[in-house]
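Hello,

Here is the structure I promised to pass on to you.

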Amino acid sequence: MKNMNFEALFLGPKAENRDFFKEILNFVVDEHIHWRRNFHPDDVPSITLADQRREDFIRTQQKTQEVILQLSSLLKKSSIPWHSPRYVGHMTSDILMPAHLAYMFTMLYNPNNVAWEASPETTRLEIEVGRDLAQLMGFDRETAFGHITSGGSLANVEALWIARNLKSVPLAIREIQPELVAGLSERELQHLSPARVLGLVDVLKERMTEIKERSVRGRGLKPFQLGKIFLPETKHYSWVKAADLLGIGLENVVQVRVEENYRMDMTDLEMKLQQTVDAGDPILAVVGVVGTTEEAAVDPIDKIIELRSEFEKQGVSFYIHVDAAYGGYARSVFLNEESQFLPYEELLDTLDEKSIITKNFGWPSTQVYNAFKAVAEVDSVTVDPHKLGYIPYQAGAVVFRDRRARQLISYFAPYVFSEDDADSNSLLLGSYIVEGSKAGAAAAAAWTAHQVLGLNVEGYGKIIGEGIEGAQRFYQHICEEPLIRVGDRSFRIAALTEPDMNIIVYALNEESNNSLEQMNDLNRRIKEKLCFSPNKSVYVYDFMVSSTTLEHAEYGDQPQKFLDKFGIPESEWEASHEVFVMRSTIMSPYLTEDFTDVDYLGQFFQNLEKLLQEIIKEE
Ligand SMILES: Cc1ncc(COP(=O)(O)O)c(C=O)c1O
């Protein structure tokens, strides 16, 4: 949407847009009431006025009211104030008002997107959202397939489910129609490219049932050697769950080292892939992350694509998935209204001219730019509306470049839809995905937000870009003013890396201290004052952040380089192998002065100084 004013898109930190919100809410409730009443208007009311005056009726309503009030006080006491620019913690913030209203409106109708029959309209909207997300990723919206999931975890499970089933298909085809794969060795069959396997499936689509029976789906894991999946050390733990659930086995999950910027180390990936091939093991999939959970680091997806091309020269291909559960919607920063990926210089100019991200920040780096661009070439992507899509829970999503892939996991439950409809009617969602019953309201919310904003730099890109600039400013502040003085004591603040997106990880240490234990202790004490604790009212916090621990088991020795910035010696790292850090996700568009008269970012750093004073007093 050109000239979008996003102050009109949120209820607002102080519910500034409450009149509009209530007006639309009243309208949607009225609409729903009319709808109920208009269905067979001649039917007499089932609940009469006399019923409503009965004592037990009134008592029952009172009970509802009392419990709702109780719930309200519970929620107000300890809900996390995502809506406030003072909340800079986990990957969530105020949600888009259009999405919120659409969700509440649709919920009244309670559509179930398991099947078209239970949700004639919202299933269609979900398919539309899938197409929007496919287009956002650079896929062809007509030949791709995407849908909403309960979250990023399940989206990852589904992608791995498809990759796993796909891997066993060539061997199944060899049994059914050997001439189709004549001349290919066992090793070559294990390493056919996903595109080629789907092409073969297409040729044999009439015999899909036989393929399924002879692939891992019918026979189980035993007859197949499915191989390993390669993920960066920064991976989300849903991948381990997925490998466990799908019988791939955790010993087949290979962790690829990360570089100093917490992006996947391509030399390590190449080495590990080659070792696997040399050992005669198949490569099941490589997963790159766009927006890692802790750091929002962006893996070099372009380089993963290049590496696959290189391996294909030795007859080895593999499935590539991108876990952009967090970062996926940020691709809208790079797209114009025609969904074209902007050339690099034009992008920098556009972001600057539109006051989204000042050119001085030099964001994005060419590495980040190339990685986002290359997402268009992978096999599937996880991209969650309930993260950077600013949609209420639950709305994850997964998108497959080639919709034929869903054949590999499709099932039919005859009581909700008939198998005969499968090809002609793609609205039978429950047959192609992990989940069965699912909220149509989530699809309606995402669809409404996409319609209002647009998945490009004029819409979503503007909001997300604002957060990216917020993180850059945060980083700049830390770099320019690394020392916080409290009386005669001096504390250093440093960032783990320059943020690739809108999450920044940082820690503090007293200048004179070179003990890691003491440094961790200081940061834990700061965290206690900035992270929610169930023992305290949420109203006592001036700002809220999240925290995490960088451990050797996950990150190898990479955190040691961070400790160098504080003068903590290597021996200290060797002794404890963990660094406690703070983490701030900048999703609130209201953090910087651009949109409010208050400099919340400036206040955040002043508040840190105040907390250090308190900690000194408590010593
Ligand atoms: C990169 C990444 N993938 C997957 C997930 C899992 O998403 P969900 O919590 O929606 O299941 C997350 C959650 O933070 C994530 O950051």
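This is a predicted model: local features need pLDDT of at least 70, side-chain atom pairs count only at pLDDT 80 or more; totals for chains, interfaces and linings use all residues.

Residues are numbered from 1 along each chain as its sequence is written, and side-chain values use heavy atoms, with hydrogens and water left out.

Let's start with the domains. The assignment for the protein chain gives domain 1 (142–413) and domain 2 (464–618); such bounds come from an automatic or database domain assignment. The centres of the two domains, taken over C-alpha atoms, are separated by 33 Å. Their contact (heavy atoms within 4.5 Å) takes 34 residues from domain 1 and 31 residues from domain 2.

Next, the strands and helices, which are DSSP runs numbered from the N terminus (helices: H or I, at least four residues; strands: E, at least two). Strand S3 (residues 228–232) and strand S4 (residues 253–256) run parallel and are joined by four bridges; strands pair if DSSP finds at least two bridges between them. Opposite Leu231 stands Gln255 in S4. From S3 the chain crosses through helix H11 (residues 238–245) to S4 in a right-handed β-α-β crossover, meaning that, with the strands pointing away from the viewer, the path from the first strand over the helix to the second runs clockwise.

There is also an open sheet of six strands, in the order S1-S12-S13-S11-S10-S9, with mixed pairing. Its edge strands, S1 (87–88) and S9 (483–486), each pair on one side only. S9 and S10 (residues 489–495) run antiparallel, joined by four bridges, and Leu483 has Arg492 in S10 as its bridge partner.

Helix H22 lies across S1, S9, S10, S11 and S12 (544–551), at about 45° to S9. Axes here are lines fitted to C-alpha atoms, for helices over the stretch in contact, and angles run from 0 to 180 degrees between N-to-C directions. Helix H17 (residues 460–480) lies across S10, S11 (503–510) and S13 (578–585), running at about 20° to S11.

Finally, which helix packs with H22 at an angle of about 115°? Helix H18 (residues 516–530) does, with the axes of H18 and H22 (residues 600–618) 10 Å apart. Among the residues making this contact are Leu522 and Ile526 of H18 and Leu608 and Leu611 of H22.

Enjoy exploring!
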